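Please read them with the structure open.

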Amino acid sequence: MIGSKGARQHQAARWWVKAVGAAICALGAGMAAAAGSAVKAAPAGSTDYTGDVVYHLLTDRFVDGNPANNPPVPLSSKDCQLTLLYCGGDWEGVVQVIKTGYFNDLGVTALLLTVPYENVPMVVEEQGAGYHGYWPRDMKRPNPAFGTMDEFRRLVQVAHAHGLKVMIDIITNHGSPVRPEDPRFAENGALYDDGRLLATYASDKTGLYNRYGEADYSSAEDVIYKSLYDLADFNHQHPVIDRYMKEMVRLWLDTGIDGLRVDTVKHVSLGWQRTWMETVYRHRPVFAAGEWYMPRDELQPLGFVFANDSGMSVLDFPLSQKVRQVFRYRERDLFELDRMVAETARRYRRPLDQVVFIDNHDMNRATLSHSAEHRRLVDQALAFVLTSRGVPMLFYGTEHYTLGAGHAPINRPMMRSFERDTPAFKLIKRLADLRRENPALRYGDQVGRWVSAEAYVYERRFHGNSVLVAINRSQKAAAEVPALRTGLGCHEGQPARHDDVLAQRFGGHAITVDCEGGVAPFRLAPGAIAVWSQRDSAPNDPSRTPAPGHVGPPLAWPGTEVTISGTHFGPHKDVVWIGNTRLQGSAILSWSDEQIRLRLPAMPAGQHAVKVGRGEQLSEPLGGLEVVGEPLVSLRLVVDEAEVAPGEEVHAELAPQAPCNAERRVWGPMYNKIVHRYPSWYMDISAPAGCRVAVRFFKKKPDAAAAVWESGEPHRADMPAGGTGTLRVRLRGWQPGTTAAVAR
Ligand code: NOJ
Ligand code: CA
C-alpha cells in the first residue's frame, strides 16, 4: 500500500495537461442497454427534495469513462489495487452510466458526486492521493482526474435530460494537508484562485489560515478554529477567503447543479455559513445539506441548532446512526428506532429536509456479509430510509450488497457491477417510485403504530394519503401484530383489501382495513417487509382543505421566489399567507393543485408560517420559512473585560434599530480560549448589513433560567455594508441582580 512508511510524497508532472480527449471506454455488457424507462427532465434550481432519492457515488470509484485523464503512476493505481490512490473513475464514466438508464431503472432521482475541485497533484506521505476530493488546492478549477469544466457541465445536462438532479460535495472549511513545521510537506496548504496562488501556509502574512493547532474536539470553539486532522484551516472572517468561497460556490452553481452536500459544517462558524447560504439562495436556490457528524448515541444540541438556523439541512446522523445500530449492528431494538424518529422530528424545524442514509464513504458499509440474513437486514434498512421522513440517500453499490467492513478506503471499492436484478435493486425501485406517487411519503408525519423489540409498524400520513410499513427484523420468529388503527381506508362503505406494494417479495401480505381504519391482528413473517399504500380517494374535491407540505428556500428575502408544494391547492390562483402578509394576484407567479410559486414581497423579518387559502378553506400553518429582511454580513463580535464567575457563559443580544428590517437575535455561548482569551469573549455571527444595531451582553450558567445583563446603555454600532467585519467593545459592567434569560 502506498500508505506504507517508505512511501515518498511525489510532485507529479502536470499530468492533467496530457489528459485530453474523451476516450470512450466501452462499458460492460450489462450496461450496454439504452435507457429503459421514460424519464422527465429534472426541474431546475429546486430546494424541495422530499420526493427524491439521492444516489451518492465517489467519482473516482465509479466508472473510468476516459482513461486518458487518469493521473500517472504514482498517483493512480491500475485496477484499483492501491486503494489510497486514484482509480480512474471520472465524469465521463458517470455520463455513460446515466445514458444506459441504470439510475432511472434503480428509481433514484439525484446523484451526489465527489468534491469536484482540483486537489493537490501528489501522493501525500502516508495518506495517498486526493481521489476523494477533500484536499483542494484550487476550488475554482475542476479536478483533472474527473474531467474538464465542459465535461462537468455536460454531465449536468445529460443528468437533467434523464430526470436526474446533480448534487456536489463541497468544502469551505479547509485546503490540503500541512505540517506547520515543514513547509515542504505536500503543497503546504497552498490555495489557488483559478490558477493564481493566493497563499501557502508558510507565506500567509495576512491571516487567511487559522493557525491554532489541531482540534482535539473538546468544544465547539476547538473544532471551528483549530484544524481538522492536518488540513489547512481557513479563516472565513478574512475578506479574501470570504469572497473566494462565495465566488467559487457561484461558479459551481452556474454549471446548473441542483444541490450541495456541504462538508465539515461543524468546523466553520454558524454565522459565516448563514452568509454563505444567503449567497447560494440569492444566486441559484438549490437544496443543501451539511455534514454535521455525530457518532452513535450522540445527540449534539449544536447540530440541531445548525440544522434549524444555518439555512441548510443536515445529514441526519442521529436517525441514520440509529438505523445502522438497529439493522446493521443489531445492537439496538426497534423501540429505540421509534423513539429516535420522534425525538429528531421534535428537534428539527424542518424534519422533511434532513438527509437519512444507511452508510457512506466514512462508515462500514451496511452489508455485513453475503448471507441471506445480512442481505435481508440491508433490505430492511433500505425500506426504512426509503419510507421514512427525510430525504433518503443511498451509497453506490448498496443495491448489490457491496461489502466493505472497514472504514476508508475499504468501503470505497470500484463499482464492479451494474446488475439490475438484486432484491435490493428492485426494492429501491419500487419504493423510490412510491415516494413520488404518494404524498404521504413526501410530506407526511411519521407515527409508530405498533412496536416490539424486533418488529415495527409505522405510518406516514398526509391529508387522505397514507403509507403503512411493517418490518420484522427477526428472521427466526414471526411477529404477532395486534389490531391496529391506520389511515388506510375502506371502499364504498365496505372493508377494503390493501395489497403489499412489494408484491410479497419480502414476506409481506395483503391486509383488510375497515371503515374506521381498523386492521385485524396479523402475523408478520420472520424477516418480512410489507408496505401498504393508499392515495387520497378524492384529490379533486373542491371542498378539501389545501395542505402545504414543503416550502423553500428555507432562508428568503423580499424578492425571493418561494415555492410551496403540497396537495389540494385547487386549479386556480387564490390566496397565500406568509405570516400576517396576504399574497394574491401578481405576487403569485404560478398556481397548480400541487405547487405554488410566488415572489416574496416586503414583510417583517422573522420565522413565518405559510398558509394556503382556497375559497373558504384555509390550510393549517406550515412553519420553517425564515425571512431575512436585510442582506447578511459575517461579523466577529468581541467583548473585552467580561469577567464572570466559574461556569458562567457570555451571550450577546443584537437588536437591529429602525428602519432596519431584521430580527433581534441572541448569539452564544461566546468563546474565550483560542482567537481571544478570557476575559475577552468572541463569536463569528451573522448580522444585517449596513444596519445600526444595539448590542448587549448577558451572562448565565448553561442551564440557568435567569441571566445577568450588562449594565448601562447598549453598544450601538453600524454593521459593515458587505463582506465581513469586526466589532470589539469593552463590557460596561454587569447589572446587579438577575433578569429573565432571553430565548435564542
Ligand atoms: C468529511 C468527509 O466525509 C470525509 O470523508 C473527509 O475526510 C472529511 N470530511 C474531511 O474533508
Ligand atoms: Ca479516467
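1. A search of the whole structure turns up eight cavities of 30 Å³ or more. A cavity here is a set of points, on a 1 Å grid over the protein atoms alone, where a 1.4 Å probe fits but cannot get out. Grid points are joined across faces, edges and corners, and a volume is the space filled by probe spheres set on the points.

2. This is a predicted model: local features need pLDDT of at least 70, side-chain atom pairs count only at pLDDT 80 or more, and totals for chains, interfaces and linings use all residues. Residues are numbered from 1 along each chain as its sequence is written, and side-chain values use heavy atoms, with hydrogens and water left out.

3. The largest cavity holds about 150 Å³ of space. Its lining (residues with an atom within 4 Å of a point) counts 18 residues, and R274, L632, A662, E663 and R665 lie nearest the centre.

4. Which elements each supply at least two residues of that lining? They are β37 (622-627), β39 (649-656), β40 (665-667) and β41 (681-688). β41 gives the most, three residues. Strands are DSSP runs of E, at least two residues, and helices are runs of H or I, at least four, numbered from the N terminus.

5. By class, the lining of the largest cavity has 10 nonpolar, three polar and five charged residues. Ala, Val, Leu, Ile, Met, Phe, Trp, Tyr, Cys and Pro count as nonpolar, Asp, Glu, Lys and Arg as charged, and the others, Gly among them, as polar.

6. The second largest cavity holds about 120 Å³ of space. Of its 15 lining residues, A307, N308, G311, R350 and P554 are the closest to its centre. Two or more residues come from each of α7 (301-309) and β37. The largest share, three residues, is from α7. This lining divides into four nonpolar, six polar and five charged residues.

Notes:
Chains are lettered from A and ligands numbered from 1 in the order in which they are written. On a 1 Å grid over the protein atoms alone, a cavity is a set of points where a 1.4 Å probe fits but cannot get out, and a pocket is an open set with protein on both sides within 12 Å along at least five of seven lines; lining residues have an atom within 4 Å of a point.
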